[in-house]
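Reader: I am new to this structure and would like to go through it with you, one question at a time. Could you show me what we will be looking at?

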2 protein chains.
Amino acid sequence: MTPAQTRLIDALRPLLDAKAIITDRDAIAPWETDWRRRFHGHAPAILAPATRDDVAAILATATAHGVPLVPQGGNSSMVGGATPPADGSALILSLRRMNRIRHIDAAAGLAVAEAGVILADLHDAALAKGRRFPLTLGARGNATIGGLVSTNAGGTQVLRFGTMRGLVAGVEAVLPDGTIHDGLSALKKDNRGYDLDQLLIGAEGTLGVVTAATLHLVPAIAQAATAWVGVASPADGLALLRRLQAATDAIESFEIMPAETLAAAVAHVPGARPPLAGHHAWHILIEATAADARGEPPSHLLETLLARALEANVIADAVIAASEAQAQGFWRLRDSLSDAERALGPATQHDLSVPVDAMPRFMIEAAAACDARFPGTHASGFGHLGDGNIHFHVRSAPGTDRDRFYAEQAPAITRFVHDLVVAWGGSISAEHGIGQMKRDELARLSPARVATLAAIKRAVDPAGLLNPGKLVALAPDPKAP
Amino acid sequence: MTPAQTRLIDALRPLLDAKAIITDRDAIAPWETDWRRRFHGHAPAILAPATRDDVAAILATATAHGVPLVPQGGNSSMVGGATPPADGSALILSLRRMNRIRHIDAAAGLAVAEAGVILADLHDAALAKGRRFPLTLGARGNATIGGLVSTNAGGTQVLRFGTMRGLVAGVEAVLPDGTIHDGLSALKKDNRGYDLDQLLIGAEGTLGVVTAATLHLVPAIAQAATAWVGVASPADGLALLRRLQAATDAIESFEIMPAETLAAAVAHVPGARPPLAGHHAWHILIEATAADARGEPPSHLLETLLARALEANVIADAVIAASEAQAQGFWRLRDSLSDAERALGPATQHDLSVPVDAMPRFMIEAAAACDARFPGTHASGFGHLGDGNIHFHVRSAPGTDRDRFYAEQAPAITRFVHDLVVAWGGSISAEHGIGQMKRDELARLSPARVATLAAIKRAVDPAGLLNPGKLVALAPDPKAP
């Protein structure tokens, strides 16, 4: 522990309860490495406040002592965004004890949840009141509201309900000097200058510490239907989506994958069979839901619309899950795509987006460009076609040594894919954020943008104490102890 | 013209076309005063770029010469937000020549409009493609897209479609140093750090100059219905809205007014009659629309839902407009409320919001508090109940001298109303922004917030050259010429 850290902890002890300062190595160790075990850091202590005012006291005192802090929720970042630096210079600020759902107003469709509330717990609490918090993702058993807000999380229901940004009605946060930003009253209209809520959403804890959020709830699902569709190309897939969206707003998920990726999933999942009989170059999983139990069943709706698309030669074949078990089987295939691909050998994985209308062409042309540039490798993408967001994987040439691939070829592939994304007007991080993993690539590709981000960072956190090393690199503060 | 201004214009002449530099006094004069004629400024010249690159050249050159600029669109600000300072220190940067709709993609529901496009023209262009840009307001014949984005404009359709922030998919802007922020590709998912689009929306031209925006379009209206409802209280009004919203998402407008304000409107509009026969303490105007011509008519829907609300004693009486002419008559009453009230005598007017659920109590209790504090005056509010946003007017005591009221009593009333709004967790500017009119009140009421806003302003516009004096006051830049 540095002398400044010791002084900080001494100063905090009289201000906080006994559970709020953790220095036991065994208790700290699990939180020093990210959940994919790619980034390893070291923190001499974890600070675990129980209230917003605790957080304010911690930030004001840490600023006074010049001690950096790494805010952390469920530690499920995909980009090392919540892992402390390796040199032990920062303490972890864990929000997990702040896990109260302060309020649910079912009639108004609003919930106020503290930063440490786990996503799955919010799902359950909303459902108990006949409502639904629609954002969901694989890490829902670990990811916390504070982290989801701070990373503007995405997931599988973005098509209909948007990312976290669209679901946040207000943010409560503590700024680096300990002042509190209270946006929880969730005004529908408020034009008092720059929107600080919006600035904090997706800021990855580098400007302030989110302590709670007011969140929009939607009606609970009363009816759902799941379909599997075969199409000749991503372009036909997008044409189908546009037809569906013109007729209904019931479409929640629209996930595309190439035949070979599906085949890998069928081989990977015990007992799985291809949902459609014939060969189709591309496959699409569709989920439609309705909040009204008495309205037209989404299965009828999908049946009608898919029959019309079949007649119009937009799609080649389709089946609607006849049972809940069959629907779950479809989703099991979708959810196993990443694991199934991984079993095929080492690959670079890219969470990228381009404008939705450009995605069908990107999926074909970017894959071809990669294959040509790196002979023997194989590129392909699958995922959220309707969001313009796919997971683009470049698999190593058969027989390539794993370690050599990751050490030598992967960085060049990553730069090549990123350059393609920029040329297509896209984003090198669609939903995972920048963290430490993509920080230098962002600076390489968007120097003007990063200069503006850095100026804002310096303005709000002049000493660079919040989540150091993530998102934007700052020159060390000359006044820091 | 200051020497620096002269040098700037000399430097710009070879870079811009002949129409881009306006120094003719008669051509400048109309743009030096706001449209309500409350704020008077002076600008030695107007710069009128034709392209984004013109804007970039102007900003880079103005920064080099230290000349402040006031961005201006339709000059329809309600808070003096586009009026130059009186001392002639700034030039007007007019975006009106940039009036191209670059692109409309009806299938994707997106339009790319330049900053100078007039709102009514965008409405027409969208309709010609079978689509609709839903935001609308009284100044639609003057207000421009750049100004609407920069002020996060509201209007009468916010209940269903949100403010401008919810309708902007991407922003193109020029930052003070002339660098271009291009967010037009409108990625649905993009997590590359702080959201600069969101920072520019509602920034009132103090951080950058918006040159174009990608905007969401919605399906055109196929069917509409208008209803007039009598209720005993704002609380019953909100209960009605919650019932309607639980049953349908067709409700676009939900406007409340007290009986006395309606009576003033009936007296003010030639040939108008009260929509309902009996006396009701509060009146509500409801508009419901449907995009599907074949679905259930909104009039049937409203009939069913209002009949149920009548049975449940939530409302006292209701009528659905039987013809387009009758519907227009209802709206004419709503639209004349401000004029009708003005005819009753001098009053202070406040564009304020509180949390939606608190608004019914606020309308009663804040009015009572004002009446008690300023004997003889009369306070009441009307407007967008479903958005938690009303126009709150405090009318002078009968017989009060107009000039004396505005000079002596109005400032105290304004401060009192603002203090009430803060105590209720609300906003002193729901939709009009801060501009120069509310700048000092914002600083008085929210010093911590304004300190953060000022830090961001200094970070992005260190010389304070963009829209000086609006939103946040900055200390003069010591390096400025």
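Reader: Which residue forms a salt bridge with B:Arg52?

Author: The model is a predicted one, so every distance here is computed from its atoms. B:Arg52 lies in helix H3 of chain B and its partner lies in strand E8 of chain B, so the pair ties together parts that are 120 residues apart in sequence. The closest N and O atoms of the pair are 3.5 Å apart, and the residue that forms the salt bridge with B:Arg52 is B:Glu172.

Reader: Of those two residues, is B:Glu172 buried or exposed?

Author: B:Arg52 has a relative accessibility of 24%, which makes it partly exposed. For B:Glu172 the relative accessible area is 3%, and because buried means under 20%, the class of B:Glu172 is buried.

Reader: Which parts of chain B does the salt bridge between B:Arg97 and B:Asp17 tie together?

Author: The side chains of B:Arg97 and B:Asp17 meet at 2.8 Å, N to O. B:Arg97 counts as partly exposed at 27% relative accessibility, and B:Asp17 counts as partly exposed at 36%. The pair ties together parts that are 80 residues apart in sequence, because B:Asp17 lies in the loop between helix H1 and strand E1 of chain B, and B:Arg97 in the loop between strand E4 and strand E5 of chain B.

Reader: How many salt bridges does the structure hold over all chains?

Author: One of them joins the side chains of B:Asp190 and B:Arg192 at 2.8 Å, N to O, where B:Asp190 is partly exposed at 27% and B:Arg192 is buried at 15%. Salt bridges that share partners also join A:Arg52, A:Asp53, A:Arg100, A:Arg102, A:Glu114 and A:Glu172 into one network. Over all chains, the number of salt bridges is 48.

Reader: Turning to the place where the chains meet, how many salt bridges are there between chain B and chain A?

Author: The contact takes 63 residues from chain B and 63 residues from chain A, and the two chains bury about 4,900 Å² between them, 57% of it on carbon and sulfur atoms. A salt bridge across this contact is formed by B:Lys189 with A:Asp387, whose closest N and O atoms are 3.7 Å apart. Between chain B and chain A, the count of salt bridges is eight.

Reader: Which helix supplies the largest share of the side of chain B that touches chain A?

Author: Across this interface there are 32 residue pairs in polar contact, with both residues at pLDDT 80 or more. Helices H6, H8 and H17 of chain B each supply at least two residues of the side of chain B that touches chain A. The largest share is eight residues, and the helix that supplies it is H17(B).

Reader: Which residue of chain B joins the side chain of A:Glu431 in a polar contact of 2.8 Å?

Author: A:Glu431 is found in the loop between helix H15 and helix H16 of chain A, and at 11% relative accessibility this residue counts as buried. Leaving aside neighbours within four places in sequence, A:Glu431 is in contact with residues of both chains, including A:Thr151, A:His384 and B:Asn191. Within chain A, the backbone nitrogen of A:Gly155 lies 3.1 Å from a polar atom of the side chain of A:Glu431. From chain B, the residue whose side chain joins that of A:Glu431 at 2.8 Å is B:Lys189.

How values were computed: Residues numbered from 1 in each chain as written. Chains lettered and ligands numbered in written order. Predicted model: local features only at pLDDT ≥ 70, side-chain atom pairs only at ≥ 80, totals over all residues. Heavy atoms only, no water. Contact = heavy atoms within 4.5 Å. Buried area = accessible area lost by both parts, 1.4 Å probe. Salt bridge = Lys/Arg side-chain N within 4 Å of Asp/Glu carboxyl O. Polar contact = N/O pair within 3.5 Å; in protein donor to acceptor, adjacent residues only side chain to side chain. Helix = DSSP H or I, 4+ residues; strand = E, 2+ residues; numbered from the N terminus. Buried < 20%, exposed > 50% of the residue type's maximum accessible area, 1.4 Å probe, protein only.
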